[in-house]
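Here's a friendly first walk through a protein model. Take a look at the sequence and the structure, then read on.

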Amino acid sequence: MTQPTTYGGRAPMMVPGAPTPELRVARFRGRALRLVWSALVLVAVAGALGYLYGNLPAPLENWMLLTAAAVVVLFLVLLPFLSWWAHVYTITTRRVMERRGIFGVHRRELTHVRGYTIQETRGLVQRMWGAGTLTLSNGVDEPLVLANVPSVALVHEALIDQVEVNQILAHRDAQALPPMPPPPPVP
(Lines give C-alpha, C1' and ligand atoms only; values in the text may rest on other atoms or scores of the structure.)
Protein backbone atom coordinates (compact mmCIF):
# COMPACT_ATOMS: atom_id res chain seq x y z
CA MET A 1 0.00 0.00 0.00
CA THR A 2 1.38 3.38 -0.91
CA GLN A 3 0.82 6.61 0.91
CA PRO A 4 -0.27 9.77 -0.89
CA THR A 5 2.64 11.98 -1.78
CA THR A 6 2.45 15.61 -0.79
CA TYR A 7 4.77 18.56 -0.61
CA GLY A 8 7.55 17.85 1.88
CA GLY A 9 6.33 14.32 2.59
CA ARG A 10 3.76 15.54 5.13
CA ALA A 11 0.32 14.07 5.44
CA PRO A 12 -2.47 16.05 3.77
CA MET A 13 -4.21 18.57 6.06
CA MET A 14 -7.04 16.98 7.99
CA VAL A 15 -10.21 18.50 9.37
CA PRO A 16 -9.69 19.77 12.96
CA GLY A 17 -10.51 16.99 15.41
CA ALA A 18 -10.18 14.22 12.81
CA PRO A 19 -7.57 11.57 13.61
CA THR A 20 -4.43 11.79 11.51
CA PRO A 21 -2.64 8.62 10.41
CA GLU A 22 0.68 7.81 12.05
CA LEU A 23 3.40 7.65 9.41
CA ARG A 24 6.97 6.46 9.82
CA VAL A 25 9.49 9.26 9.31
CA ALA A 26 12.70 7.30 9.97
CA ARG A 27 13.94 3.97 11.29
CA PHE A 28 17.61 3.46 12.09
CA ARG A 29 20.14 1.69 14.26
CA GLY A 30 23.21 3.09 15.95
CA ARG A 31 26.48 3.14 14.03
CA ALA A 32 28.00 -0.33 13.70
CA LEU A 33 31.47 0.90 14.59
CA ARG A 34 31.63 -1.29 17.68
CA LEU A 35 31.27 -4.37 15.45
CA VAL A 36 34.77 -3.79 14.02
CA TRP A 37 36.25 -5.77 16.91
CA SER A 38 33.83 -8.61 16.26
CA ALA A 39 34.86 -8.68 12.61
CA LEU A 40 38.55 -8.79 13.58
CA VAL A 41 37.87 -11.67 15.99
CA LEU A 42 36.01 -13.55 13.25
CA VAL A 43 38.94 -13.16 10.84
CA ALA A 44 41.44 -14.21 13.53
CA VAL A 45 39.39 -17.28 14.46
CA ALA A 46 39.05 -18.30 10.81
CA GLY A 47 42.80 -17.90 10.27
CA ALA A 48 43.68 -19.83 13.42
CA LEU A 49 41.20 -22.56 12.57
CA GLY A 50 42.61 -22.92 9.07
CA TYR A 51 46.17 -23.06 10.34
CA LEU A 52 45.65 -25.39 13.31
CA TYR A 53 43.07 -27.83 11.89
CA GLY A 54 44.91 -31.13 11.41
CA ASN A 55 48.15 -29.78 12.98
CA LEU A 56 47.29 -30.09 16.67
CA PRO A 57 49.59 -31.77 19.23
CA ALA A 58 48.79 -35.36 20.28
CA PRO A 59 46.45 -34.89 23.29
CA LEU A 60 44.23 -32.37 21.42
CA GLU A 61 41.79 -33.32 18.67
CA ASN A 62 40.14 -31.38 15.86
CA TRP A 63 36.68 -31.48 17.45
CA MET A 64 38.11 -29.60 20.47
CA LEU A 65 39.45 -26.90 18.16
CA LEU A 66 36.10 -26.62 16.38
CA THR A 67 34.23 -26.39 19.68
CA ALA A 68 36.54 -23.67 21.01
CA ALA A 69 36.19 -21.71 17.74
CA ALA A 70 32.38 -22.02 17.86
CA VAL A 71 32.26 -20.75 21.45
CA VAL A 72 34.50 -17.77 20.65
CA VAL A 73 32.47 -16.89 17.56
CA LEU A 74 29.20 -17.22 19.48
CA PHE A 75 30.19 -14.94 22.36
CA LEU A 76 32.48 -12.44 20.62
CA VAL A 77 30.86 -12.19 17.18
CA LEU A 78 27.26 -13.41 17.04
CA LEU A 79 25.92 -12.03 20.34
CA PRO A 80 27.35 -8.50 19.83
CA PHE A 81 25.90 -8.48 16.30
CA LEU A 82 22.46 -9.60 17.52
CA SER A 83 22.58 -7.00 20.28
CA TRP A 84 23.30 -4.26 17.74
CA TRP A 85 20.68 -5.60 15.31
CA ALA A 86 17.96 -5.73 17.98
CA HIS A 87 18.39 -2.07 19.06
CA VAL A 88 16.19 0.01 16.72
CA TYR A 89 15.05 3.63 16.88
CA THR A 90 11.86 4.64 15.05
CA ILE A 91 10.56 8.17 14.51
CA THR A 92 6.93 8.54 13.44
CA THR A 93 4.71 11.55 13.00
CA ARG A 94 3.43 11.08 16.57
CA ARG A 95 6.30 9.69 18.67
CA VAL A 96 9.89 8.50 19.02
CA MET A 97 10.33 4.82 19.92
CA GLU A 98 13.34 2.86 21.12
CA ARG A 99 13.14 -0.93 20.89
CA ARG A 100 15.92 -3.13 22.19
CA GLY A 101 16.48 -6.68 23.36
CA ILE A 102 17.35 -10.04 21.87
CA PHE A 103 15.16 -12.36 23.93
CA GLY A 104 13.08 -9.97 26.03
CA VAL A 105 12.03 -6.79 24.25
CA HIS A 106 12.23 -3.44 26.04
CA ARG A 107 10.40 -0.53 24.41
CA ARG A 108 10.29 3.17 25.29
CA GLU A 109 8.27 5.95 23.70
CA LEU A 110 8.23 9.71 23.81
CA THR A 111 5.38 11.62 22.15
CA HIS A 112 5.97 14.75 20.11
CA VAL A 113 2.82 16.49 21.42
CA ARG A 114 4.15 16.76 24.98
CA GLY A 115 7.30 18.39 23.65
CA TYR A 116 10.85 17.75 24.76
CA THR A 117 14.30 19.25 24.68
CA ILE A 118 16.93 17.83 22.36
CA GLN A 119 20.58 17.79 23.38
CA GLU A 120 23.13 16.79 20.75
CA THR A 121 26.52 15.42 21.82
CA ARG A 122 29.28 14.57 19.36
CA GLY A 123 32.69 13.16 20.24
CA LEU A 124 35.75 13.33 18.01
CA VAL A 125 35.18 9.93 16.38
CA GLN A 126 31.46 10.63 16.01
CA ARG A 127 32.22 13.92 14.23
CA MET A 128 34.52 12.12 11.80
CA TRP A 129 31.72 9.69 10.89
CA GLY A 130 28.87 12.24 10.91
CA ALA A 131 27.23 10.59 13.92
CA GLY A 132 26.22 11.80 17.35
CA THR A 133 24.15 11.11 20.43
CA LEU A 134 20.76 12.77 20.96
CA THR A 135 19.22 13.05 24.42
CA LEU A 136 15.47 13.73 24.44
CA SER A 137 14.06 14.97 27.75
CA ASN A 138 10.52 16.10 28.50
CA GLY A 139 11.28 16.98 32.13
CA VAL A 140 9.01 14.29 33.57
CA ASP A 141 10.22 10.90 32.37
CA GLU A 142 13.73 9.51 32.22
CA PRO A 143 15.56 11.02 29.20
CA LEU A 144 15.54 8.94 26.03
CA VAL A 145 19.09 8.60 24.70
CA LEU A 146 19.56 7.89 20.98
CA ALA A 147 23.18 6.72 20.92
CA ASN A 148 25.48 6.87 17.87
CA VAL A 149 22.82 8.18 15.50
CA PRO A 150 23.98 8.27 11.87
CA SER A 151 23.37 11.64 10.13
CA VAL A 152 22.66 13.20 13.50
CA ALA A 153 22.00 16.71 12.11
CA LEU A 154 19.27 15.39 9.79
CA VAL A 155 17.61 13.39 12.58
CA HIS A 156 17.82 16.43 14.89
CA GLU A 157 16.03 18.61 12.33
CA ALA A 158 13.38 15.94 11.71
CA LEU A 159 12.66 15.73 15.44
CA ILE A 160 12.37 19.52 15.74
CA ASP A 161 9.97 19.59 12.79
CA GLN A 162 7.81 16.81 14.23
CA VAL A 163 7.55 18.50 17.64
CA GLU A 164 6.59 21.79 16.01
CA VAL A 165 3.98 20.27 13.70
CA ASN A 166 2.44 18.15 16.47
CA GLN A 167 2.17 21.09 18.85
CA ILE A 168 0.55 23.22 16.14
CA LEU A 169 -1.94 20.46 15.38
CA ALA A 170 -2.66 19.93 19.09
CA HIS A 171 -3.26 23.65 19.55
CA ARG A 172 -5.54 23.74 16.50
CA ASP A 173 -7.52 20.74 17.72
CA ALA A 174 -7.86 22.26 21.21
CA GLN A 175 -9.51 25.39 19.86
CA ALA A 176 -13.28 25.37 20.07
CA LEU A 177 -14.98 24.93 16.75
CA PRO A 178 -17.32 27.77 15.80
CA PRO A 179 -20.98 26.95 16.34
CA MET A 180 -22.77 25.52 13.35
CA PRO A 181 -25.26 27.85 11.72
CA PRO A 182 -28.86 26.82 12.28
CA PRO A 183 -30.45 24.85 9.47
CA PRO A 184 -32.59 26.81 7.05
CA PRO A 185 -36.25 26.94 7.95
CA VAL A 186 -38.47 24.35 6.33
CA PRO A 187 -41.15 25.97 4.14
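Which residues does Thr90 touch, not counting residues up to four places away in sequence? In this predicted model, the list is Arg24, Ala26, Arg27, Arg95, Val96 and Met97. Thr90 itself sits in strand 2, and it counts as buried because its relative accessibility is 9%, with the cut-off for buried set at under 20%.

Now let's step back to the whole chain. There are four helices and seven strands, and reading along the sequence gives the pattern β-α-α-β-β-β-β-α-β-β-α. Of the 187 residues, 22% are buried. The accessible surface is about 13100 Å², and carbon and sulfur atoms account for 66% of that. As for contacts with a separation of 6 or more, 50% of them link residues 24 or more positions apart.

Helix 4 deserves a visit too. It covers residues 152-174, and its 23 residues should span 33 Å at 1.5 Å a residue; the end C-alpha atoms are 33 Å apart, so the two agree. Its buried residues are Val152, Val155, His156, Leu159, Gln162, Val163 and Asn166. What do these buried residues pack against? Here are the partners:

| Strand packed against by helix 4 | Residues |
|---|---|
| strand 1 | 24-28 |
| strand 2 | 88-92 |
| strand 3 | 95-100 |
| strand 5 | 117-121 |
| strand 6 | 131-137 |
| strand 7 | 144-150 |

Methods: Residues numbered from 1 in each chain as written. Predicted model: local features only at pLDDT ≥ 70, side-chain atom pairs only at ≥ 80, totals over all residues. Heavy atoms only, no water. Helix = DSSP H or I, 4+ residues; strand = E, 2+ residues; numbered from the N terminus. Expected span 1.5 Å × (residues − 1). Buried < 20%, exposed > 50% of the residue type's maximum accessible area, 1.4 Å probe, protein only. Contact = heavy atoms within 4.5 Å. Areas by Shrake-Rupley, 256 points an atom, 1.4 Å probe, with all protein chains shown as cover.
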